[in-house]
Amino acid sequence: MSNIIYYVSFIILGIGIYGIVSQKNLFKQLISLSIIDTAVNIFIVALGYVEWGEAPIYSTITPVANFVDPLPQALVLTAIVIGVGILALGSVLLVHINEKYGSLDPDEIRDTREVVE
Amino acid sequence: MIALLIAVPLVFAFASIPHERLGRYFLPFVAMFNLVCLFFFMHPEQILEVGKWPAAYGIALVLDNVSYPFLIFVNFLILMMSLSATLENRYGTLLLVLTAAVNGIMLTGDFFNSFVFLEIISVIAYIVAAHKDNALGAFKYLIFGGIGGTMYLLGAVSVYVKSGTLNMAYASFITDPMVVPTICIFFLITFLVELKVLPLGLWAPDVYSNGSSVTPIALGSIVTVSLVYLFSRIFLNIFDLPNPQLVGILAMVSIIFSELGALKQKGLGRALSFATISGVSTVVAALSMRESEITSAAYFYLFNDVVSKFILFTLFAYLGERGFKSNKTAGIAFTFASLSVVGFPMFAGFWAKYYLLKALFQVNSYALPAIILIAAVIEAGYLIKWNVELWYKEEDREKDREDVEAEKAEGVEEVEEVEDFVPFGAQVVTLLLALTLVVVGFMPGLIHDQTMSIANHVLDFRPYLDLILKGGM
């Protein structure tokens, strides 16, 4: 089961990388970066997965021996926050680019720059 | 105590949020505070276990003989930048956070913690890169940096999976011949992006040439030095760089292309950006050899490159369309920095190149010396060209002054005086740094002794491990 999640995360990672390499539109590149972030987050959570594991919270009704690893979950929480911050910042930059050049297509932006220069 | 280097800048950053304009005034005092702490109240061989968790389980901040001199250098650069750059109000807070993050990345002994600091640095870097309406350049950097950050996270998690801890010292016990190269490749991709080694450093020319007095200094000097430290910590101290020849070749190709790129540029900003790529690529190529003398020379080279580019970029930011005829102080600093970059005798750059070439010849390495010499010739070509152009440039400023005098003669009231185009703070700082290059040119031992000590410590893993173990398992 956990192996399938690894494969899925790497397939999503591949889709993200393909998106960045193949897409010219800057917004699509930003979304591709977000997809890569998501893939890595899924991969990290999968690393802490334990078959039939319990939530790692000590209590009288929770068996102690079969907790899932909580550290990857903590790492992913931080990574998600950072990822959202970068996505928001990237979106702000795109708004500025669109206001300045009237497009998010690199070819059209280049044409506009050449006209201005 | 060592946590103050991170906590104090952060406290002042938060304090400056309600009073935005205070941030830029806090910055020099915070940098000064850090330097005073480092010189008088801190010493190498200190470890702080955050929350009293043993290093293997929690975050440990480590001040050793490698991080200590790097911290002094970086905080000195921050102090210089706070005095020389024209900071808009909102940049004060950002640069205070950047100060906390670069100090943090050099102190932390934990991979995930270093990832967090790296991302804080990156986010600030993207914002600073967007200065002067340069959103497109900043976005390019964001895409490259985003991929780099993700790779660093993958590397950090891989370390955790294999060693059961995120602590850097314990990570060195990973011996799986399949896993170590994989981890190193993840980290390496991050460093190739952040240290601007071509082709992954292609974002740099658009970002550095935006004409800001903050962007190239903050990113090209301060962030670069802190990341060279992290590169050294990971690849010279903790892991063995897999296939160092390949990294060396990549860096050498980067040197050639960046120098040719610099030669081809019509604008000074982009030429200096490519020159910066060349400088850092040379450092990466030298560090990848993992040899004491070469490593020491690489740090010397880094010192010269960073200080020289600090001067060149600062003056470029204030130049506009003007030359040096009416501001000879700035011109002298610019020329000194250019000569030092080229490696002219009597400047720090000469010794940087001399030590590096000598160390490379001692290990019978001839490819990198050849490339360094070719790069020096190309550098001499375009930097002398720019110096001549700027020293002999016909200035609008002269016309401005004539206009002002004419207006005064005509009895026009409230005539605006023509001010020096380089602010007093920037003039003092650039001249001071230029003189430093000359002093080091005459007394290279001032820096060489330090770089030799760093190189010996960074290539010896045992003291670092002992320091971590002293904190307890």
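**Figure 1. Contact between the two domains of chain B.** In this predicted model, 28 residues of domain 1 of chain B are in contact with 30 residues of domain 2 of chain B. On the side of domain 1 that touches domain 2, the elements that give two or more residues are helix H3 (67-84), helix H9 (204-208) and helix H10 (215-238) of chain B. H10(B) provides the largest share of this side, with 10 residues. Sorted by class, the side of domain 1 that touches domain 2 has 16 nonpolar, 11 polar and 1 charged residues. Domain 1 of chain B is made up of residues 7-242 + 460-473, and domain 2 of chain B of residues 267-410 + 420-442. The C-alpha centres of these two domains of chain B lie 25 Å apart.

**Figure 2. Helix H14 of chain B and its surroundings.** Helix H14 of chain B runs through residues 328-342 and has 15 residues. From its first C-alpha to its last, H14(B) reaches 21 Å, close to the 21 Å expected at 1.5 Å a residue. Is this helix mostly covered or mostly uncovered? H14(B) is mostly covered, as 11 of its 15 residues are buried. Among the buried residues of H14(B) are Ala330(B), Phe334(B), Phe336(B), Leu339(B) and Val342(B). The cover over the buried residues of H14(B) includes helices H12 (268-287), H13 (292-319), H15 (348-362), H16 (367-391) and H18 (424-442) of chain B. Just after H14(B), Gly343(B) takes a positive phi of about 100°.

**Figure 3. Phe361(B) in helix H15 of chain B.** Phe361(B) lies in helix H15 of chain B, one of the helices included in the cover over the buried residues of H14(B). Why is Phe361(B) classed as exposed? Phe361(B) is exposed because it has 11 other C-beta atoms within 10 Å, and a residue with 12 or fewer counts as exposed. The C-alpha atoms of Phe361(B) and Ile294(B) are separated by 9.8 Å, and these residues are 67 residues apart along the chain.

**Figure 4. Contact between chain A and chain B.** Across this interface, 25 residues of chain A are in contact with 21 residues of chain B. Which elements give two or more residues to the side of chain A that touches chain B? They are helix H2 (26-47) and helix H3 (70-101) of chain A. The largest share of this side of chain A, 15 residues, comes from H3(A). By class, the side of chain A that touches chain B has 18 nonpolar, 5 polar and 2 charged residues.

Technical notes: Residues numbered from 1 in each chain as written. Chains lettered and ligands numbered in written order. Predicted model: local features only at pLDDT ≥ 70, side-chain atom pairs only at ≥ 80, totals over all residues. Helix = DSSP H or I, 4+ residues; strand = E, 2+ residues; numbered from the N terminus. Expected span 1.5 Å × (residues − 1). Buried ≥ 20, exposed ≤ 12 C-beta atoms within 10 Å, placed from the backbone. Contact = placed C-beta atoms within 7 Å. Nonpolar A, V, L, I, M, F, W, Y, C, P; charged D, E, K, R; others polar. Domains from an automatic or database assignment.
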